[in-house]
Amino acid sequence: MGETKRVGVGLIGFGVVGEGVARLVRDNAATLTARIGVPIEVVRVAVRDLSRPRGVELDPALFTDDPFRVVDDPKVDIVVEVMGGEHPALELLLAALNKGKPVVTANKALLAIHGEQLYAAAEKNGARLRYEAAIGGVIPIVRTLTGAFAANRIDTVYGIVNGTCNYILTRMAEEGVGYDDALAEAQRLGYAEADPSVDVEGIDAAHKMAILAALAFDTPIDFSDVSVEGIGRISPVDIDMAAAFGYGIKLLGVARRHDDAAVEVRVHPAMVPLDMPIASVNGALNAIEVEGAEMGTNMLVGPGAGQGPTASAVLGDVADLARGLVDGAAVSPRPMNVPVASRVKLPPLPASKAEGRFYLRFTTSDRPGIMAALTKPLGDHGVSIASMIQTEHESDGEETAAVVMLTHRAGGEALAAALAEIDGVGILRSPTVVIRLVGDA
Ligand SMILES: NC(=O)c1ccc[n+]([C@@H]2O[C@H](COP(=O)([O-])OP(=O)(O)OC[C@H]3O[C@@H](n4cnc5c(N)ncnc54)[C@H](OP(=O)(O)O)[C@@H]3O)[C@@H](O)[C@H]2O)c1
(Lines give C-alpha, C1' and ligand atoms only; values in the text may rest on other atoms or scores of the structure.)
Protein backbone atom coordinates (compact mmCIF):
# COMPACT_ATOMS: atom_id res chain seq x y z
CA MET A 1 0.00 0.00 0.00
CA GLY A 2 2.86 2.29 -0.93
CA GLU A 3 0.68 5.08 -2.33
CA THR A 4 -1.57 5.34 0.70
CA LYS A 5 -2.65 8.95 1.16
CA ARG A 6 -4.68 8.34 4.28
CA VAL A 7 -6.07 5.43 6.29
CA GLY A 8 -9.87 5.35 6.34
CA VAL A 9 -11.53 4.23 9.57
CA GLY A 10 -15.13 3.04 9.67
CA LEU A 11 -16.76 3.31 13.09
CA ILE A 12 -19.54 0.90 13.93
CA GLY A 13 -21.03 2.67 16.94
CA PHE A 14 -20.73 6.31 17.95
CA GLY A 15 -21.53 6.20 21.65
CA VAL A 16 -19.14 6.75 24.56
CA VAL A 17 -16.20 5.00 22.89
CA GLY A 18 -16.98 5.81 19.24
CA GLU A 19 -17.25 9.53 19.91
CA GLY A 20 -14.05 9.31 21.94
CA VAL A 21 -12.22 7.75 18.99
CA ALA A 22 -13.48 10.46 16.62
CA ARG A 23 -12.45 13.15 19.10
CA LEU A 24 -8.96 11.70 19.49
CA VAL A 25 -8.54 11.35 15.70
CA ARG A 26 -9.42 15.05 15.43
CA ASP A 27 -7.47 16.38 18.44
CA ASN A 28 -4.30 14.29 17.96
CA ALA A 29 -4.26 14.43 14.17
CA ALA A 30 -0.73 15.85 13.90
CA THR A 31 0.77 13.29 16.28
CA LEU A 32 -1.02 10.39 14.60
CA THR A 33 0.00 11.54 11.12
CA ALA A 34 3.63 11.91 12.21
CA ARG A 35 3.62 8.44 13.75
CA ILE A 36 1.75 6.62 11.01
CA GLY A 37 3.07 8.49 8.01
CA VAL A 38 -0.37 9.42 6.65
CA PRO A 39 -3.47 10.89 8.29
CA ILE A 40 -6.18 8.76 9.88
CA GLU A 41 -9.64 9.79 8.78
CA VAL A 42 -13.08 8.69 9.97
CA VAL A 43 -14.80 7.94 6.65
CA ARG A 44 -18.02 6.14 7.71
CA VAL A 45 -20.04 5.87 10.93
CA ALA A 46 -22.91 3.53 11.82
CA VAL A 47 -25.39 4.37 14.57
CA ARG A 48 -28.82 3.09 15.51
CA ASP A 49 -30.62 6.43 15.64
CA LEU A 50 -29.60 8.92 12.92
CA SER A 51 -31.62 11.73 14.50
CA ARG A 52 -29.74 11.79 17.82
CA PRO A 53 -27.47 14.80 18.38
CA ARG A 54 -23.79 13.82 18.58
CA GLY A 55 -21.04 15.14 20.84
CA VAL A 56 -18.39 15.31 18.11
CA GLU A 57 -19.08 17.07 14.84
CA LEU A 58 -18.67 15.01 11.69
CA ASP A 59 -20.08 15.40 8.19
CA PRO A 60 -23.70 14.08 8.44
CA ALA A 61 -23.20 12.35 5.08
CA LEU A 62 -20.80 9.90 6.78
CA PHE A 63 -23.56 8.48 8.99
CA THR A 64 -25.64 5.40 8.23
CA ASP A 65 -27.99 3.24 10.27
CA ASP A 66 -26.90 0.13 8.36
CA PRO A 67 -23.64 -1.06 9.96
CA PHE A 68 -22.93 -3.46 7.05
CA ARG A 69 -22.38 -0.39 4.86
CA VAL A 70 -19.33 0.40 6.99
CA VAL A 71 -17.90 -3.06 6.36
CA ASP A 72 -18.68 -2.90 2.62
CA ASP A 73 -17.42 0.65 2.01
CA PRO A 74 -14.19 0.45 -0.06
CA LYS A 75 -12.97 3.68 1.59
CA VAL A 76 -12.93 1.89 4.96
CA ASP A 77 -9.46 0.40 5.43
CA ILE A 78 -9.95 -0.50 9.13
CA VAL A 79 -13.27 -1.45 10.74
CA VAL A 80 -13.65 -0.30 14.34
CA GLU A 81 -16.49 -2.02 16.21
CA VAL A 82 -17.52 -0.01 19.26
CA MET A 83 -21.20 -0.87 19.21
CA GLY A 84 -21.33 -3.70 21.75
CA GLY A 85 -23.58 -6.75 22.06
CA GLU A 86 -23.32 -10.16 20.40
CA HIS A 87 -25.52 -9.62 17.35
CA PRO A 88 -25.14 -8.18 14.80
CA ALA A 89 -21.57 -7.45 16.01
CA LEU A 90 -20.53 -11.06 15.35
CA GLU A 91 -21.91 -11.09 11.80
CA LEU A 92 -20.36 -7.69 11.09
CA LEU A 93 -16.89 -8.70 12.25
CA LEU A 94 -17.06 -12.02 10.40
CA ALA A 95 -18.06 -10.13 7.24
CA ALA A 96 -15.14 -7.74 7.64
CA LEU A 97 -12.60 -10.48 8.41
CA ASN A 98 -13.86 -12.61 5.52
CA LYS A 99 -13.14 -9.66 3.25
CA GLY A 100 -9.63 -9.55 4.73
CA LYS A 101 -10.27 -6.17 6.37
CA PRO A 102 -8.46 -5.39 9.61
CA VAL A 103 -10.76 -5.06 12.60
CA VAL A 104 -10.42 -3.36 15.99
CA THR A 105 -13.02 -4.13 18.65
CA ALA A 106 -13.63 -3.13 22.27
CA ASN A 107 -16.39 -5.72 22.63
CA LYS A 108 -15.43 -8.07 25.49
CA ALA A 109 -18.82 -9.82 25.64
CA LEU A 110 -18.47 -10.73 21.97
CA LEU A 111 -14.90 -12.02 22.28
CA ALA A 112 -15.57 -13.95 25.50
CA ILE A 113 -18.46 -15.83 23.89
CA HIS A 114 -17.58 -15.93 20.16
CA GLY A 115 -13.82 -15.27 20.26
CA GLU A 116 -12.82 -18.68 18.85
CA GLN A 117 -14.92 -18.16 15.75
CA LEU A 118 -13.52 -14.69 15.23
CA TYR A 119 -9.87 -15.64 15.86
CA ALA A 120 -10.22 -18.51 13.38
CA ALA A 121 -11.83 -16.25 10.76
CA ALA A 122 -9.06 -13.69 11.21
CA GLU A 123 -6.36 -16.28 10.81
CA LYS A 124 -7.97 -18.05 7.87
CA ASN A 125 -8.29 -14.77 5.98
CA GLY A 126 -4.96 -13.30 7.10
CA ALA A 127 -7.00 -10.38 8.46
CA ARG A 128 -5.81 -8.61 11.57
CA LEU A 129 -8.06 -8.57 14.63
CA ARG A 130 -7.09 -6.32 17.52
CA TYR A 131 -8.87 -6.04 20.87
CA GLU A 132 -6.69 -4.22 23.39
CA ALA A 133 -9.58 -2.04 24.63
CA ALA A 134 -11.67 -5.12 25.47
CA ILE A 135 -9.57 -5.96 28.57
CA GLY A 136 -8.66 -3.46 31.23
CA GLY A 137 -9.36 -0.37 29.11
CA VAL A 138 -6.12 1.43 28.43
CA ILE A 139 -3.88 -1.19 30.14
CA PRO A 140 -1.76 -2.68 27.31
CA ILE A 141 -2.19 -6.30 28.40
CA VAL A 142 -2.84 -7.90 25.00
CA ARG A 143 0.23 -6.32 23.50
CA THR A 144 2.29 -7.21 26.57
CA LEU A 145 1.24 -10.86 26.53
CA THR A 146 1.86 -11.19 22.79
CA GLY A 147 5.03 -9.08 22.84
CA ALA A 148 7.14 -8.35 25.89
CA PHE A 149 6.06 -11.51 27.78
CA ALA A 150 5.91 -13.83 24.75
CA ALA A 151 9.00 -15.80 25.84
CA ASN A 152 7.41 -16.83 29.15
CA ARG A 153 5.16 -19.70 30.03
CA ILE A 154 2.44 -18.04 32.04
CA ASP A 155 0.39 -20.01 34.55
CA THR A 156 -1.30 -17.28 36.59
CA VAL A 157 -3.04 -14.05 35.64
CA TYR A 158 -5.22 -12.20 38.07
CA GLY A 159 -6.48 -8.74 38.63
CA ILE A 160 -9.07 -6.10 39.20
CA VAL A 161 -10.75 -5.80 35.82
CA ASN A 162 -13.97 -3.97 36.61
CA GLY A 163 -13.71 -0.32 37.60
CA THR A 164 -17.34 -0.04 38.71
CA CYS A 165 -16.97 -2.77 41.33
CA ASN A 166 -13.59 -1.45 42.45
CA TYR A 167 -15.06 2.01 42.89
CA ILE A 168 -17.99 0.68 44.94
CA LEU A 169 -15.78 -1.48 47.20
CA THR A 170 -13.30 1.38 47.64
CA ARG A 171 -16.06 3.77 48.75
CA MET A 172 -17.47 1.15 51.13
CA ALA A 173 -14.00 0.70 52.68
CA GLU A 174 -13.06 4.37 52.83
CA GLU A 175 -16.38 5.91 53.87
CA GLY A 176 -18.10 3.02 55.62
CA VAL A 177 -21.12 3.44 53.32
CA GLY A 178 -23.36 0.50 52.43
CA TYR A 179 -23.40 -1.23 49.05
CA ASP A 180 -26.59 0.50 47.81
CA ASP A 181 -25.30 4.00 48.63
CA ALA A 182 -21.92 3.31 47.03
CA LEU A 183 -23.63 1.99 43.88
CA ALA A 184 -25.92 5.05 43.71
CA GLU A 185 -22.86 7.30 43.99
CA ALA A 186 -21.07 5.35 41.23
CA GLN A 187 -24.11 5.84 39.00
CA ARG A 188 -24.26 9.56 39.76
CA LEU A 189 -20.60 9.95 38.80
CA GLY A 190 -20.95 7.92 35.60
CA TYR A 191 -18.86 4.96 36.83
CA ALA A 192 -21.88 2.65 36.73
CA GLU A 193 -24.61 2.22 34.11
CA ALA A 194 -28.30 2.81 34.92
CA ASP A 195 -28.55 -1.01 34.77
CA PRO A 196 -25.37 -2.00 36.60
CA SER A 197 -26.03 -5.77 36.67
CA VAL A 198 -23.38 -6.81 34.12
CA ASP A 199 -20.75 -5.02 36.21
CA VAL A 200 -21.81 -5.74 39.81
CA GLU A 201 -22.69 -9.37 39.14
CA GLY A 202 -19.14 -9.93 37.90
CA ILE A 203 -20.13 -10.77 34.31
CA ASP A 204 -18.09 -8.00 32.70
CA ALA A 205 -15.01 -9.07 34.67
CA ALA A 206 -15.68 -12.69 33.68
CA HIS A 207 -15.76 -11.71 29.99
CA LYS A 208 -12.34 -10.10 30.34
CA MET A 209 -10.86 -13.00 32.31
CA ALA A 210 -12.07 -15.51 29.71
CA ILE A 211 -10.34 -13.57 26.92
CA LEU A 212 -7.20 -13.11 29.06
CA ALA A 213 -6.95 -16.78 30.03
CA ALA A 214 -7.35 -17.92 26.42
CA LEU A 215 -4.57 -15.57 25.37
CA ALA A 216 -2.19 -16.17 28.28
CA PHE A 217 -2.51 -19.98 28.37
CA ASP A 218 -2.81 -20.67 24.61
CA THR A 219 -6.06 -22.56 25.16
CA PRO A 220 -9.69 -22.03 24.16
CA ILE A 221 -11.94 -21.08 27.09
CA ASP A 222 -15.70 -21.71 27.14
CA PHE A 223 -17.33 -18.74 28.77
CA SER A 224 -19.80 -21.08 30.46
CA ASP A 225 -16.86 -22.65 32.37
CA VAL A 226 -15.99 -19.35 34.08
CA SER A 227 -17.22 -19.22 37.70
CA VAL A 228 -18.78 -15.85 38.49
CA GLU A 229 -19.84 -14.21 41.74
CA GLY A 230 -20.56 -10.49 42.08
CA ILE A 231 -20.20 -8.01 44.94
CA GLY A 232 -23.86 -7.73 46.00
CA ARG A 233 -23.42 -9.84 49.16
CA ILE A 234 -20.51 -7.82 50.56
CA SER A 235 -21.54 -5.74 53.56
CA PRO A 236 -19.69 -3.07 55.56
CA VAL A 237 -19.30 -5.68 58.34
CA ASP A 238 -17.19 -7.85 56.01
CA ILE A 239 -15.10 -4.89 54.98
CA ASP A 240 -14.47 -3.96 58.64
CA MET A 241 -13.69 -7.54 59.60
CA ALA A 242 -11.35 -7.94 56.64
CA ALA A 243 -9.51 -4.78 57.75
CA ALA A 244 -9.25 -6.14 61.31
CA PHE A 245 -7.47 -9.20 59.89
CA GLY A 246 -5.21 -7.02 57.67
CA TYR A 247 -7.07 -7.51 54.38
CA GLY A 248 -9.02 -5.43 51.86
CA ILE A 249 -11.88 -6.79 49.74
CA LYS A 250 -11.60 -6.61 45.94
CA LEU A 251 -13.55 -8.16 43.10
CA LEU A 252 -10.82 -10.31 41.64
CA GLY A 253 -10.54 -12.19 38.39
CA VAL A 254 -8.27 -15.24 38.71
CA ALA A 255 -7.04 -17.42 35.86
CA ARG A 256 -4.72 -20.29 36.61
CA ARG A 257 -3.33 -23.15 34.58
CA HIS A 258 -2.62 -26.29 36.59
CA ASP A 259 0.29 -27.80 34.64
CA ASP A 260 -1.35 -28.93 31.41
CA ALA A 261 -4.10 -30.78 33.27
CA ALA A 262 -6.74 -28.14 33.95
CA VAL A 263 -7.53 -24.47 33.75
CA GLU A 264 -9.39 -22.42 36.31
CA VAL A 265 -11.05 -19.08 35.56
CA ARG A 266 -13.11 -17.40 38.25
CA VAL A 267 -14.37 -14.00 39.32
CA HIS A 268 -15.42 -13.35 42.91
CA PRO A 269 -14.89 -11.02 45.85
CA ALA A 270 -11.54 -11.83 47.45
CA MET A 271 -9.67 -10.75 50.57
CA VAL A 272 -6.31 -9.35 49.61
CA PRO A 273 -3.55 -8.72 52.20
CA LEU A 274 -3.22 -4.96 52.62
CA ASP A 275 0.52 -5.15 51.95
CA MET A 276 0.02 -6.67 48.48
CA PRO A 277 0.37 -3.99 45.78
CA ILE A 278 -3.00 -4.84 44.23
CA ALA A 279 -4.76 -4.02 47.54
CA SER A 280 -3.93 -0.34 47.03
CA VAL A 281 -5.39 -0.19 43.51
CA ASN A 282 -8.45 1.86 44.40
CA GLY A 283 -11.34 3.76 42.88
CA ALA A 284 -12.15 3.04 39.23
CA LEU A 285 -8.61 1.85 38.45
CA ASN A 286 -7.90 -1.61 37.05
CA ALA A 287 -4.78 -3.72 37.64
CA ILE A 288 -3.64 -6.95 36.04
CA GLU A 289 -0.88 -9.14 37.54
CA VAL A 290 0.90 -11.68 35.40
CA GLU A 291 3.22 -14.32 36.87
CA GLY A 292 5.82 -16.15 34.82
CA ALA A 293 8.66 -18.38 35.99
CA GLU A 294 11.41 -16.29 34.40
CA MET A 295 9.90 -12.84 34.42
CA GLY A 296 8.50 -12.93 37.98
CA THR A 297 5.37 -10.98 38.83
CA ASN A 298 4.41 -7.87 36.91
CA MET A 299 1.48 -5.60 37.63
CA LEU A 300 -0.01 -3.28 35.03
CA VAL A 301 -2.28 -0.53 36.37
CA GLY A 302 -4.47 2.04 34.65
CA PRO A 303 -7.97 3.33 34.00
CA GLY A 304 -10.08 0.35 32.96
CA ALA A 305 -12.86 2.25 31.24
CA GLY A 306 -14.13 5.69 30.31
CA GLN A 307 -14.14 7.60 27.05
CA GLY A 308 -10.56 8.85 26.89
CA PRO A 309 -8.74 5.71 28.07
CA THR A 310 -10.84 3.33 25.98
CA ALA A 311 -10.59 5.49 22.86
CA SER A 312 -6.84 5.69 23.40
CA ALA A 313 -6.59 1.88 23.49
CA VAL A 314 -8.76 1.53 20.37
CA LEU A 315 -6.75 4.11 18.49
CA GLY A 316 -3.47 2.51 19.60
CA ASP A 317 -4.59 -0.64 17.77
CA VAL A 318 -5.76 1.43 14.81
CA ALA A 319 -2.38 3.19 14.62
CA ASP A 320 -0.55 -0.13 14.73
CA LEU A 321 -2.69 -1.58 11.95
CA ALA A 322 -2.45 1.64 9.94
CA ARG A 323 1.34 1.51 10.10
CA GLY A 324 1.12 -2.05 8.83
CA LEU A 325 -1.02 -0.88 5.90
CA VAL A 326 1.33 2.00 5.10
CA ASP A 327 4.64 0.15 5.55
CA GLY A 328 3.69 -3.37 4.43
CA ALA A 329 3.64 -6.48 6.61
CA ALA A 330 4.86 -4.88 9.83
CA VAL A 331 2.14 -6.43 11.97
CA SER A 332 1.65 -10.09 12.88
CA PRO A 333 -1.64 -11.31 11.41
CA ARG A 334 -2.27 -13.64 14.37
CA PRO A 335 -4.89 -12.63 16.94
CA MET A 336 -3.33 -14.95 19.59
CA ASN A 337 0.20 -15.98 20.55
CA VAL A 338 -0.04 -19.33 18.79
CA PRO A 339 -1.96 -20.46 15.71
CA VAL A 340 -5.58 -20.95 16.70
CA ALA A 341 -5.80 -24.54 15.45
CA SER A 342 -2.72 -25.62 17.43
CA ARG A 343 -4.29 -24.90 20.79
CA VAL A 344 -5.45 -27.73 23.05
CA LYS A 345 -8.54 -27.33 25.20
CA LEU A 346 -7.82 -28.03 28.87
CA PRO A 347 -10.54 -29.33 31.19
CA PRO A 348 -12.00 -26.60 33.40
CA LEU A 349 -11.49 -26.69 37.16
CA PRO A 350 -14.65 -25.24 38.77
CA ALA A 351 -14.12 -22.65 41.51
CA SER A 352 -16.04 -24.87 43.92
CA LYS A 353 -13.21 -27.42 43.73
CA ALA A 354 -10.33 -24.95 43.96
CA GLU A 355 -8.31 -25.04 47.18
CA GLY A 356 -7.63 -21.93 49.17
CA ARG A 357 -8.00 -20.10 52.42
CA PHE A 358 -11.40 -18.71 53.32
CA TYR A 359 -13.10 -16.01 55.38
CA LEU A 360 -16.35 -17.27 56.91
CA ARG A 361 -18.94 -15.08 58.63
CA PHE A 362 -21.70 -16.90 60.50
CA THR A 363 -24.67 -15.08 62.00
CA THR A 364 -26.22 -17.23 64.74
CA SER A 365 -28.42 -17.03 67.81
CA ASP A 366 -26.22 -16.45 70.84
CA ARG A 367 -26.82 -19.74 72.67
CA PRO A 368 -24.53 -22.10 74.56
CA GLY A 369 -22.92 -24.71 72.33
CA ILE A 370 -22.98 -22.55 69.24
CA MET A 371 -19.22 -22.50 68.85
CA ALA A 372 -18.98 -26.30 68.88
CA ALA A 373 -21.84 -26.51 66.36
CA LEU A 374 -19.77 -24.38 64.01
CA THR A 375 -16.29 -25.75 64.57
CA LYS A 376 -17.03 -29.50 64.76
CA PRO A 377 -18.36 -29.93 61.18
CA LEU A 378 -15.44 -27.86 59.91
CA GLY A 379 -12.96 -30.06 61.77
CA ASP A 380 -14.73 -33.24 60.64
CA HIS A 381 -14.25 -32.16 57.01
CA GLY A 382 -10.58 -31.26 57.53
CA VAL A 383 -11.09 -27.48 57.48
CA SER A 384 -8.91 -26.01 60.22
CA ILE A 385 -9.32 -22.54 61.64
CA ALA A 386 -6.42 -20.08 61.66
CA SER A 387 -8.11 -17.22 63.55
CA MET A 388 -11.51 -16.24 64.83
CA ILE A 389 -13.43 -13.20 66.11
CA GLN A 390 -16.81 -13.33 67.86
CA THR A 391 -19.08 -10.34 68.43
CA GLU A 392 -22.53 -10.16 69.98
CA HIS A 393 -25.38 -7.78 69.35
CA GLU A 394 -29.16 -7.65 69.69
CA SER A 395 -31.29 -8.11 66.60
CA ASP A 396 -35.13 -8.41 66.61
CA GLY A 397 -35.06 -8.68 70.39
CA GLU A 398 -32.76 -11.71 70.34
CA GLU A 399 -29.08 -11.96 71.19
CA THR A 400 -27.19 -12.58 67.95
CA ALA A 401 -23.59 -13.63 67.53
CA ALA A 402 -21.44 -12.91 64.51
CA VAL A 403 -18.61 -15.42 64.32
CA VAL A 404 -15.89 -14.69 61.81
CA MET A 405 -13.18 -17.22 60.99
CA LEU A 406 -10.19 -17.39 58.69
CA THR A 407 -9.39 -20.95 57.68
CA HIS A 408 -6.10 -22.56 56.82
CA ARG A 409 -5.79 -23.94 53.31
CA ALA A 410 -8.75 -26.20 52.55
CA GLY A 411 -10.47 -27.83 49.60
CA GLY A 412 -13.50 -26.00 48.19
CA GLU A 413 -15.63 -29.15 48.25
CA ALA A 414 -14.70 -30.03 51.85
CA LEU A 415 -15.66 -26.54 52.95
CA ALA A 416 -18.97 -26.68 51.06
CA ALA A 417 -19.80 -30.00 52.76
CA ALA A 418 -19.00 -28.57 56.22
CA LEU A 419 -21.09 -25.47 55.58
CA ALA A 420 -24.04 -27.55 54.38
CA GLU A 421 -23.85 -29.55 57.61
CA ILE A 422 -23.77 -26.39 59.72
CA ASP A 423 -26.69 -24.98 57.77
CA GLY A 424 -28.68 -28.18 58.46
CA VAL A 425 -28.48 -27.70 62.25
CA GLY A 426 -30.80 -24.68 62.08
CA ILE A 427 -28.72 -22.26 64.16
CA LEU A 428 -27.94 -19.75 61.39
CA ARG A 429 -29.93 -16.55 61.20
CA SER A 430 -28.71 -15.61 57.72
CA PRO A 431 -26.68 -17.32 54.96
CA THR A 432 -22.98 -17.72 55.72
CA VAL A 433 -20.70 -15.28 53.93
CA VAL A 434 -17.71 -17.00 52.33
CA ILE A 435 -14.85 -14.98 50.79
CA ARG A 436 -11.64 -16.42 49.42
CA LEU A 437 -8.30 -15.13 50.72
CA VAL A 438 -5.41 -14.42 48.38
CA GLY A 439 -1.72 -14.09 48.99
CA ASP A 440 -0.23 -15.93 51.93
CA ALA A 441 -2.00 -19.24 51.27
N1 LIG B 1 -17.70 2.73 27.77
C2 LIG B 1 -16.53 2.23 28.18
O3 LIG B 1 -15.87 2.78 29.05
C4 LIG B 1 -15.99 0.96 27.56
C5 LIG B 1 -14.74 0.48 27.96
C6 LIG B 1 -14.21 -0.67 27.36
C7 LIG B 1 -14.95 -1.32 26.38
N8 LIG B 1 -16.19 -0.85 26.05
C9 LIG B 1 -16.94 -1.58 25.01
O10 LIG B 1 -17.08 -0.73 23.87
C11 LIG B 1 -18.32 -1.02 23.22
C12 LIG B 1 -19.12 0.28 23.09
O13 LIG B 1 -19.39 0.80 24.38
P14 LIG B 1 -20.02 2.26 24.57
O15 LIG B 1 -19.95 2.52 26.03
O16 LIG B 1 -19.42 3.22 23.63
O17 LIG B 1 -21.55 1.97 24.16
P18 LIG B 1 -22.68 3.03 23.84
O19 LIG B 1 -22.35 4.37 24.40
O20 LIG B 1 -23.98 2.41 24.21
O21 LIG B 1 -22.63 3.18 22.24
C22 LIG B 1 -23.06 2.18 21.37
C23 LIG B 1 -23.14 2.76 19.97
O24 LIG B 1 -23.48 1.72 19.05
C25 LIG B 1 -24.61 2.13 18.26
N26 LIG B 1 -25.38 0.94 17.95
C27 LIG B 1 -25.90 0.03 18.82
N28 LIG B 1 -26.55 -0.94 18.15
C29 LIG B 1 -26.44 -0.63 16.84
C30 LIG B 1 -26.91 -1.25 15.64
N31 LIG B 1 -27.60 -2.39 15.67
N32 LIG B 1 -26.61 -0.65 14.46
C33 LIG B 1 -25.89 0.49 14.43
N34 LIG B 1 -25.40 1.11 15.52
C35 LIG B 1 -25.69 0.55 16.71
C36 LIG B 1 -25.36 3.12 19.12
O37 LIG B 1 -26.13 3.96 18.27
P38 LIG B 1 -26.99 5.21 18.89
O39 LIG B 1 -25.94 6.19 19.32
O40 LIG B 1 -27.80 5.69 17.74
O41 LIG B 1 -27.77 4.63 20.01
C42 LIG B 1 -24.20 3.85 19.81
O43 LIG B 1 -23.70 4.88 18.98
C44 LIG B 1 -18.99 -2.12 24.05
O45 LIG B 1 -18.67 -3.38 23.52
C46 LIG B 1 -18.35 -1.95 25.42
O47 LIG B 1 -18.35 -3.16 26.17
C48 LIG B 1 -16.71 0.27 26.59
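Is tyrosine 191 buried, partly exposed or exposed? I looked it up: tyrosine 191 is partly exposed, at 40% relative accessibility. My cut-offs are under 20% relative accessible area for buried, over 50% for exposed and partly exposed in between, with a 1.4 Å probe and protein chains only.

Ground rules, before I forget. This is a predicted model, so I note that local features need pLDDT of at least 70 and side-chain atom pairs count only at pLDDT 80 or more, while totals for chains, interfaces and linings use all residues. Residues are numbered from 1 along each chain as its sequence is written, and side-chain values use heavy atoms, with hydrogens and water left out.

Entry on rings. I paired rings of Phe, Tyr and Trp (its six-membered ring) if their centres lie within 6.5 Å; planes under 30 degrees apart are stacked, over 60 edge-to-face, the rest tilted. That rule gives 3 aromatic pairs. Helices (H or I, at least four residues) and strands (E, at least two) are DSSP runs, numbered from the N terminus. I find phenylalanine 14 buried at 3% relative accessible area, and phenylalanine 63 buried at 16%.

Back to my tyrosine. Tyrosine 191 forms a tilted pair with tyrosine 167, at 4.6 Å centre to centre and 40 degrees between the planes. Tyrosine 167 belongs to helix H7 (residues 163–175) and tyrosine 191 to the loop between helix H8 (179–188) and helix H9 (197–200), so the pair ties together parts 24 residues apart in sequence. Tyrosine 167 itself is buried, at 8%.

Entry on asparagine 162. I located this residue in the loop between strand E7 (154–160) and H7, and it is buried at 4% relative accessibility. A polar atom of its side chain lies 2.8 Å from the backbone nitrogen of cysteine 165. Leaving out residues up to four places away in sequence, asparagine 162 touches Asp199, Asp204, Ala205, Lys208 and Asn286; contact means heavy atoms within 4.5 Å.

Last entry, strands. E11 (residues 285–292) and E12 (residues 296–303) pair antiparallel over 8 bridges; I call strands paired if DSSP finds at least two bridges between them. A hairpin of 3 residues joins E11 to E12, and glutamate 289 stands opposite methionine 299 in E12.

Definitions and conventions
A polar contact is a pair of N or O atoms within 3.5 Å; within protein, one must be able to donate a hydrogen and the other to accept it, and residues adjacent in sequence count only if both atoms are side-chain atoms.
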